[in-house]
Amino acid sequence: MDRTQVVLSAGAIRRQEEFTRRIAALHRQRAHPPLAMVDTYGCQQNVADSQRIMGMLRDMGCGFTQEPGQADVIVINTCAIRENAEKKVFGVVGQLVHVKEKNPEAVICLCGCMAQQEIVAEKIRRSYRHVDLVFGPQALWKFPELLYGVYTEKRRVFSTGDEYGTIAEGLPVVRESGVKAWVSIMYGCNNFCSYCIVPYVRGRERSREAADILAEVRQLAEAGYREITLLGQNVNSYGKDLDRPMDFADLLREIDKIPGEYLIRFMTSHPKDAGEKLFETMAACSHTARQLHLPVQSGSSRVLKAMNRGYTREQYLEKVRLARQAMPDIVLTSDIIIGFPGETEAEAMETVSLIEEVRYDALFTFIYSPRPGTPAAKLPDPASRAEKQRWFDKLLDSQNRISAQLHQSYVGKTLRVLADGESGDGLWPLSGRTHGGRLVHLKGGRELVGRYADVKITGSNTWALFGEAL
Ligand code: SAH
Ligand code: SF4
Ligand code: F3S
């Protein structure tokens with residue numbers, strides 16, 4: 001696909017800003033400034049997208065609320081990764097019918113990955129008639145135009161066409177705090193892991209120009225942001241589609257030159273494209289956190305092949321060895337799927353043995369959920385839910401023990417920790433993150449928020465560390 005068609009023109013963005021101004025003018029005619037509620041499900045990419053939607057809503061003159069009953073515009077940003085995620089959203093959307101009964105003028109929008117699926121859009125069209133606007137992630141940039149259509153034409157609007165996807169620069173944003181920020185470096189996914197819906201709902205891989213990413217990071221560093229997380233479904237594919245090819249390690253090096261007291265984290269790094277160059281670059285860049293999320297999914301080479309992951313158990317373990325060789329103190333985390341169709345108990349136990357071998361600091365664990373339209377959903381799946389649950393529990397037992405042991409080994413040490421927010425807990429009033437990204441419950445004054453502090457680690461459990469700022 002031609003880059004000129006992928007990166008939206010400044011004119012296209014200005015046209016949306018014009019719709020934003022027209023909506024703001026309509027809002028000004030109301031007795032009270034409108035309130036918007038944005039409810040977000042799914043991964044950090046969705047969180048970042050919601051911050052853009054909030055930016056547009058703010059520019060339309062909206063304030064924000066968490067209460068659906070008070071909102072004039074409700075946006076539900078959805079996730080399609082597992083069936084549970086979808087069920088939850090249908091529950092939430094179903095409840096909104098009561099909001100609409102009380103306030104018929106309220107506009108209800110459904111966006112994100114679920115909205116991009118034809119079967120979901122159809123279900124909303126037929127059975128959830130109180131939803132006014134449905135749009136997929138590829139149409140996010142034209143939210144102002146779509147909302148203007150709902151306002152002025154008094155009809156339901158659906159924008160869920162199957163698109164390759166674009167890159168929109170310069171969209172407004174509302175960030176959650178002055179401490180942490182998300183920066184998308186690419187969109188979409190080309191990997192088509194056989195269980196995964198993402199490539200079908202997020203379009204093809206497309207990278208932002210390095211200059212645009214660098215400008216955004218520079219601006220955040222200057223504004224005092226301390227943690228900047230680079231986002232992409234597979235950041236290691238970054239740059240393959242650029243006119244002047246540049247890889248992710250090159251990008252990290254360029255970012256590292258930007259002055260400031262900030263850390264760079266990134267996710268997700270696909271093991272098939274992670275290698276020595278990346279690890280050595282991470283080790284050499286002082287702004288890059290010693291943290292690597294390297295999702296393995298399974299410890300069985302047979303299952304990995306069926307998942308279309310592009311590496312074997314042995315190749316994966318070799319990457320872990322290289323990462324640790326470059327950065328002995330690296331904090332490693334991973335994603336695991338238990339119960340892929342046709343997986344046997346012995347294969348699931350290969351996953352347990354892999355995590356025992358790697359000793360991850362933490363895991364995100366999932367039981368396989370069939371996604372309609374993906375190749376894996378058509379495979380025979382003889383293992384029962386109860387059996388899969390048993391394997392899953394074994395995996396969790398192992399990981400919980402390992403996490404607790406690794407966390408225990410921090411006790412007594414003094415670490416540099418970023419205090420990133422207030423917790424609301426009287427005993428441990430602050431939350432923080434170590435360089436490697438582990439959660440620390442902190443004792444200390446609120447003036448520490450946004451600052452790095454030397455913290456003495458005094459305790460730990462399976463999920464977190466406890467410490468006191470010195
Ligand atoms: N791009 C990332 C993953 C994004 S989805 C990567 O490739 O690592 C986050 C996680 O959800 C995946 O790593 C996987 O573990 C899990 N997942 C994806 N599809 C799933 C499915 N159908 N059932 C269960 N878990 C799934
Ligand atoms: Fe899904 Fe695989 Fe793409 Fe990750 S790399 S988003 S698991 S298809
Ligand atoms: Fe979910 Fe879409 Fe992210 S399916 S995990 S919100 S990319």
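My entries go from the whole chain down to single residues.

**Entry 1: the whole chain.** First reminder to myself: this is a predicted model. I looked up the helices and strands, and the protein chain has 14 helices and 19 strands. Next came the radius of gyration, which is 23 Å, close to the 23 Å that the globule rule gives for 470 residues, so the chain is as compact as a globular protein of that length. I also noted the box that the C-alpha atoms fill, roughly 60 × 55 × 50 Å along the principal axes.

Entry 2: I checked burial next, and 56% of the 470 residues count as buried. The accessible surface comes to about 20,300 Å², and carbon and sulfur atoms own 52% of that. For contacts with a separation of 6 or more, I found that 75% are between residues 24 or more positions apart. I looked at charges too: there are 61 positive and 58 negative ones, and their mean positions are 2 Å apart.

**Entry 3: the cores.** Which residues have the most contacts inside the largest nonpolar core? I got L230, Y238 and F248, in a core of 69 residues. Helix α8 (residues 210-222) gives this core its largest share, six residues. Another core lies apart from it, with 31 residues, including F19, V38, L146 and V157.

I then picked out Y238 and skipped its neighbours within four places in sequence. Among its contacts are I185, M186, I213, M246, F248 and L251, and also R208, E209 and D247.

**Entry 4: helix α6.** Is helix α6 (residues 143-153) largely enclosed or open? Eight of its eleven residues are buried, so the helix is largely enclosed by the rest of the structure. The buried ones are F143, P144, L146, L147, Y148, G149, V150 and Y151. I wanted to know what covers them, and the list includes helices α2 (10-28) and α3 (44-59), plus strands β3 (73-78), β4 (107-112), β5 (133-135) and β6 (157-159).

**Entry 5: T281.** Last stop: T281 sits in helix α10 (residues 276-284). Its relative accessible area is 4%, so T281 counts as buried. Leaving out neighbours within four places in sequence, I found T281 in contact with A249, L252 and R253.

Note on methods:
Residues are numbered from 1 along each chain as its sequence is written. Chains are lettered from A and ligands numbered from 1 in the order in which they are written. This is a predicted model: local features need pLDDT of at least 70, side-chain atom pairs count only at pLDDT 80 or more; totals for chains, interfaces and linings use all residues. Side-chain values use heavy atoms; hydrogens and water are left out. Helices (H or I, at least four residues) and strands (E, at least two) are DSSP runs, numbered from the N terminus. The radius of gyration is taken over C-alpha atoms; the globule rule is 2.2 Å times the number of residues to the power 0.38. Buried means under 20% relative accessible area, exposed over 50%, partly exposed in between (1.4 Å probe, protein chains only). Contact means heavy atoms within 4.5 Å. Accessible areas come from the Shrake-Rupley method with a 1.4 Å probe; for residues, only the protein chains shown count as cover. Lys and Arg count as positive and Asp and Glu as negative; His and the chain ends are not counted. The place of a charge is taken as NZ of Lys, CZ of Arg, CG of Asp or CD of Glu. A nonpolar core is a set of buried Ala, Val, Leu, Ile, Met, Phe, Trp, Tyr and Cys residues joined through side-chain atoms within 4.5 Å.
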